[in-house]
Amino acid sequence: MRLLVERMARAPYPPMHTLTAAEAKAAHAASIGVLDVPKPRLPRVQQLQIPARDGAALPARLVAPSLAAGLPVLLYLHGGGFTIGSVESHDTVCRVLAEQSGAAVLSLDYRLAPEHRFPTAVHDAWDALRWLAGEGAAALALDGARIAVGGDSAGGTLAAVSAIHARDLGLPLALQLLIYPGTTDHQDTDSHALYAQGPVLDKALIDWFFHHYIDSVDRSDWRFAPLKSAEVDGVAPAWVGLAECDPLVDEGLLYADKLRAAGVPVELEIYRGVVHGFMTMGRSIVEARQLHADAAAALRRAFER
């Protein structure tokens, strides 16, 4: 991990927080797949449009390891600070999870900041989940009784708040898969202080993301910071995967503790010596491939219950 971080630091690219949002989106898109494992070829890859509450059509991609009807499905929400990232940036991860879990994965291109600020991304995630649990599963020949929600980083935040929303709707989920999620309203934990200079994710970049995404007056809203949710009793069981050398590791631990205190079953894995975003570095980092296997196994177990 250290060698990879050093190579990344020597690359002749400006820090993302010095770019405009449009420049950052383009730079991130250009880097897709550089460190990822080889992309699995799957028998089912389907482009979709999911209706949002305001009439927008949200692009999405369904990948599945077989053409059989009745597969369980994971709604996946990509990371990127609510500002960058896409179905394309997380396509390999979604395919790996599908291949190793035996489940279908529906990856959502929720709308991004700064063009679409909080709570648009939350609403898009909720709308996609309701659609999938309703007409969507039937239309796609999936098992609407076996649905999970998951995501990494900002997508992990959206997955956590979607699990609370599903509880409130009476929609049972098999699992919430939370990969180094953001959960706090203000970044004041010990790990944020320890890793304020990074590597990879630092205070300047976190501030840049949130400047584009949310007004300061809204940061205590539980839809941004699920640690602020009054009650998490009765939400779906959780699998939580964290990176040890990550500003977000403490808030991930705090959220796992909050869930456990409410009686929610939680499996927690902390991957030692790795940084935020390592999940898409599987070409170089064995821990990324271990996370893929662990998350896929958690999905298999959840869908077998």
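At what angle do the axes of helix 3 and helix 9 cross? In this predicted model, local features need pLDDT of at least 70 and side-chain atom pairs count only at pLDDT 80 or more, while totals for chains, interfaces and linings use all residues. Residues are numbered from 1 along each chain as its sequence is written, and side-chain values use heavy atoms, without hydrogens and water.

The axes of helix 3 (residues 91-101) and helix 9 (residues 286-304) cross at roughly 50 degrees and come within 8 Å. Helices are DSSP runs of H or I with at least four residues, strands are runs of E with at least two, and both are numbered from the N terminus. Axes are lines fitted to C-alpha atoms, for helices over the stretch in contact, and angles between N-to-C directions run from 0 to 180 degrees. Helix 3 is therefore oblique to helix 9. Angles under 35 degrees count as roughly parallel, over 145 as roughly antiparallel, 65 to 115 as roughly perpendicular and the rest as oblique. Helix 3 makes the contact through V93, V96, L97, Q100 and S101, and helix 9 through H292, A293, A295, A296, L299 and R300. Contact means heavy atoms within 4.5 Å.

Helix 4 (residues 120-139) packs with helix 5 (residues 154-169) at about 50 degrees, with the axes 10 Å apart. This pair is therefore oblique as well, and helix 4 passes helix 5 in a right-handed crossing. Helix 4 contributes A121, V122, A125, W126, L129 and R130 to the contact. From helix 5 come L158, V161, S162, H165, A166 and L169.

The largest nonpolar core has 69 residues. Such a core is a set of buried Ala, Val, Leu, Ile, Met, Phe, Trp, Tyr and Cys residues joined through side-chain atoms within 4.5 Å. Buried means under 20% relative accessible area, exposed over 50%, and partly exposed in between (1.4 Å probe, protein chains only). L75, L77, L106, L108, L142, L173 and Y213 have the most contacts inside this core. Helix 4 supplies its largest share, 9 residues. Apart from it lies another core of 38 residues, including V93, A148, Y180 and V274.

Y213 touches F82, A113, R117, F118, A121, V122 and F224, not counting residues up to four places away in sequence. Y213 also belongs to one aromatic cluster with F82, F118, F210 and F224. The structure holds 8 aromatic pairs. Rings of Phe, Tyr and Trp (its six-membered ring) pair if their centres lie within 6.5 Å; planes under 30 degrees apart count as stacked, over 60 as edge-to-face and the rest as tilted. W208 and F209 form an edge-to-face pair, 5.5 Å centre to centre with 65 degrees between the planes. Both W208 and F209 are buried. The ring centres of Y271 and F278 are 5.6 Å apart and their planes stand at 45 degrees, so this pair is tilted. Y271 is buried at 6% relative accessible area, and F278 is buried at 0%.

D185 sits in the loop between strand 6 (175-179) and helix 6 (190-194). It is buried, at 16% relative accessible area. Leaving aside neighbours within four places in sequence, D185 contacts R219, S220, F224, A225 and K228. L3, in helix 1 (residues 2-10), is exposed at 64% relative accessibility. The C-alpha atoms of L3 and S284 are separated by 9.9 Å, although the two lie 281 residues apart along the chain.

Notes. Left-handed = near helix turned anticlockwise from the far one by under 90°.
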